[in-house]
Amino acid sequence: MPPAAPTTLGSDRGAFDAIVVGAGPAGTSAALALAQKGFRVLLLERGDYPGAKNMFGGMMAYCPAPEELVPGFWERAPWERAVTKRVLSVVGGGSSTSLVFQAASDSGRPSAGGGSTSDQTLTGFTLFRPQFDRWYAEQAVAQGVTLLTGCRVEGLLLHDGAVWGVRIAGAEDVVEAPVVVACDGTLSLVAQQAGLHTGVRAEHVALGVRALYALSEEGIDERFALDGREGATYEFLGCTEGIRGGSFMYTQTETVSVGMVLHLDSLKARGVPPYGLLERFVASPPAASLLRAARLVEYSAHLLPEAGTRMVPRLSAAGLLVAGDAAGLCYTNGLIQEGMNLAMTSGLLAGRVAAEALAEGDLSARRLARYAGELERSFVLKDMKTFDRAVDFMREDRLFTVYPRVISALMEDLYRSDGTPKEKIGPLARRALKGELPVRALIADLFRGGRGYL
Amino acid sequence: MIVDDLFDLVSYRIHPEAHIVVDAEGCKDCAHRACTFSCPARCYTWSEERARVEFAYEACLECGTCLLVCDRKAVDWHYPPGGYGVRFRLT
């Protein structure tokens with residue numbers, strides 16, 4: 001990594017065709033796409049190294065974008081485990097009920113294409129962002145991108161609504177370039193300055209808190225029933241003490257990420273500290289047995305975009321494009337959580353549109369607006385739109401309070417054997433719902449849920 | 001796990017100047033004081049003695065929660081200068 005030396009840039013005006021703000025998955029993808037078309041790219045990162053500011057407890061879903069930018073990406077990238085097992089648990093009262101998806105395992109086979117299953121499109125990858133982002137940015141540097149770390153962008157240079165560079169904090173310096181790609185994360189301060197949105201709000205985001213626990217590789221294989229480099233993701237609904245959100249456990253090679261994702265407006269209304277919730281979740285039955293004797297090694301927190309297309313800003317202006325979390329491209333619908341794949345794909349598309357515009361010498365708002373069209377045609381905005389109603393449905397408080405209790409009560413009665421005659425599911429369900437939820441509300445929720453998912 | 005352990009495990013390079021400035025006068029009569037329980041790094045505390053919110057920037061995780069839960073615009077929020085602030089090693 002080159003040392004931070006922003007003060008040397010001022011004398012070098014016109015040295016860059018494009019500036020990318022933020023060396024996360026979106027920014028590095030944009031930088032690579034531009035560099036591959038022969039443009040001189042400056043990639044700015046405020047951390048000491050790419051990934052230093054990133055926490056991630058999750059899984060990156062497979063997507064083809066990075067392979068187009070770095071040949072052999074999935075074989076070479078430093079991921080931890082290839083996820084073949086996905087568990088969704090509903091926790092209520094003293095019991096939990098789970099749905100387990102297990103992709104066909106093929107662990108004897110050399111890990112072609114990255115996963116240990118034969119179908120990598122069924123696979124996601126757990127990874128550590130300080131390693132992954134750093135490695136990915138190194139690939140960009142190898143392809144000619146200039147990376148400056150320890151560089152915080154303070155603001156855009158704007159003239160008549162057109163962006164023509166950035167101001168770097170502390171250095172009293174500016175760097176000019178005909179196009180800037182803003183990949184500065186969820187708060188999206190760069191796009192806000194350009195007037196593409198009026199500020200991210202509490203009801204748009206979720207707060208993720210995460211504790212990292214160390215265990216041996218064999219210990220994780222055994223506890224989570226995994227083979228080779230296989231990994232598992234566990235999601236839990238009903239462990240958030242009434243706050244909209246969920247808890248998770250994801251396996252890395254020798255560590256387990258344990259955390260919670262909490263809608264910020266709901267957390268604010270409930271008045272409970274997130275680390276207290278995390279402490280109680282870690283001590284609760286589903287988590288405690290999996291983490292027995294594991295050693296706590298790190299804690300982190302971050303905001304995630306969580307409002308579907310509602311929080312996607314205008315995606316470009318004259319001389320400016322926005323990608324990744326900064327563009328609100330991240331969602332969860334309760335079953336699927338995606339973000340990094342959307343970041344990489346949007347970064348790639350932003351970089352390509354910027355490169356075409358540079359080649360034509362037209363960086364106008366009108367020309368760069370083609371980026372939004374590219375995103376609309378790709379899976380990125382298509383998926384976000386497909387699940388917009390489901391994302392809305394996730395704002396229903398009952399999903400996190402009433403339903404976990406009802407499902408647990410029903411399953412407990414279903415399996416209970418106490419010498420009295422058993423009943424069919426209908427009467428059991430009516431009893432579980434009694435006092436919890438009027439049937440009319442249940443039907444309304446089923447209808448809304450159906451529109452979201454079916 | 002106990003909560004205090006969490007905070008001991010975070011590493012930082014602390015800049016001598018605060019990157020977030022809180023207008024403790026402006027938020028004196030805030031009804032919810034959401035910053036004091038929402039901040040995942042415990043940077044905000046309510047001081048009964050001084051009857052105001054106290055803020056310490058050193059343990060900040062740079063998430064932006066305080067900026068978004070404050071409805072009095074009392075939080076002047078910036079990332080720390082380049083190279084400073086929280087440094088995740090493992091995550």
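## Reading the structure through its terms

Modeller: The elements of chain A that cover the buried residues of H1(A) include strand S1 (18-21), strand S2 (41-44), helix H2 (65-69), helix H4 (129-142), strand S11 (179-182) and helix H10 (340-360).

Biologist: What kind of model is this, and how are its parts numbered?

Modeller: This is a predicted model, in which local features need pLDDT of at least 70 and side-chain atom pairs count only at pLDDT 80 or more, while totals for chains, interfaces and linings use all residues. Residues are numbered from 1 along each chain as its sequence is written, and chains are lettered from A and ligands numbered from 1 in the order in which they are written.

Biologist: What makes a stretch a helix or a strand, and how many of each does chain A have?

Modeller: Both are DSSP runs numbered from the N terminus: helices are H or I with at least four residues, and strands are E with at least two. On that basis chain A has 17 helices and 20 strands.

Biologist: Why is chain A called as compact as a globular protein of its length?

Modeller: The globule rule is 2.2 Å times the number of residues to the power 0.38, and the radius of gyration is taken over C-alpha atoms. For 454 residues the rule gives 22 Å, and chain A has 23 Å, which is close to that value, so the description applies. Its C-alpha atoms fill a box of roughly 85 × 50 × 35 Å along the principal axes.

Biologist: Why is H1(A) called largely enclosed by the rest of the structure?

Modeller: A residue is buried if 20 or more other C-beta atoms lie within 10 Å of its own, exposed if 12 or fewer, and partly exposed in between, with C-beta atoms placed from the backbone. In helix H1 (residues 25-35), 11 of the 11 residues are buried, so the helix is largely enclosed. Among them are A:Pro25, A:Gly27, A:Leu32 and A:Ala35. Of the 454 residues of chain A, 55% count as buried.

Biologist: How do you know whether A:Ala350 is buried or exposed?

Modeller: A:Ala350 has 34 other C-beta atoms within 10 Å and is therefore buried. This residue lies in helix H10 of chain A. Setting aside neighbours within four places in sequence, A:Ala350 is in contact with A:Ala30, A:Val181, A:Leu321, A:Ala323 and A:Tyr371; contact requires C-beta atoms, placed from the backbone, to lie within 7 Å.

Biologist: How is the packing of H10(A) and H12(A) described?

Modeller: Two packed helices are described by the angle between their axes and the distance between the axes. The axes are lines fitted to C-alpha atoms, for helices over the stretch in contact, and angles run from 0 to 180 degrees between N-to-C directions. H10(A) and helix H12 (residues 370-377) of chain A pack at about 145°, with axes 9 Å apart. A:Ser346, A:Leu349, A:Ala350 and A:Val353 in H10(A) meet A:Arg370, A:Tyr371, A:Glu374 and A:Leu375 in H12(A).

Biologist: Which classes of residue make up that contact?

Modeller: Ala, Val, Leu, Ile, Met, Phe, Trp, Tyr, Cys and Pro count as nonpolar, Asp, Glu, Lys and Arg as charged, and the others, Gly among them, as polar. The contact of H10(A) with H12(A) has five nonpolar, one polar and two charged residues.

Biologist: Why is one side of S8(A) and of S10(A) left without a neighbour in the sheet?

Modeller: Three strands of chain A form an open sheet in the order S8-S9-S10, with antiparallel pairing. Strand S8 (153-159) and strand S10 (173-176) stand at the edges with a single partner strand each, so one side of each has no neighbour in the sheet. The twist averages 35° from one strand to the next.

Biologist: What do S4(A) and S5(A) form?

Modeller: Strand S4 (residues 79-92) and strand S5 (residues 95-102) of chain A pair antiparallel over eight bridges. The two form a hairpin with two residues between them, and A:Gly93 in the turn has a positive phi of about 55°.

Technical notes
Pairing = 2+ DSSP bridges. Contact = placed C-beta atoms within 7 Å.
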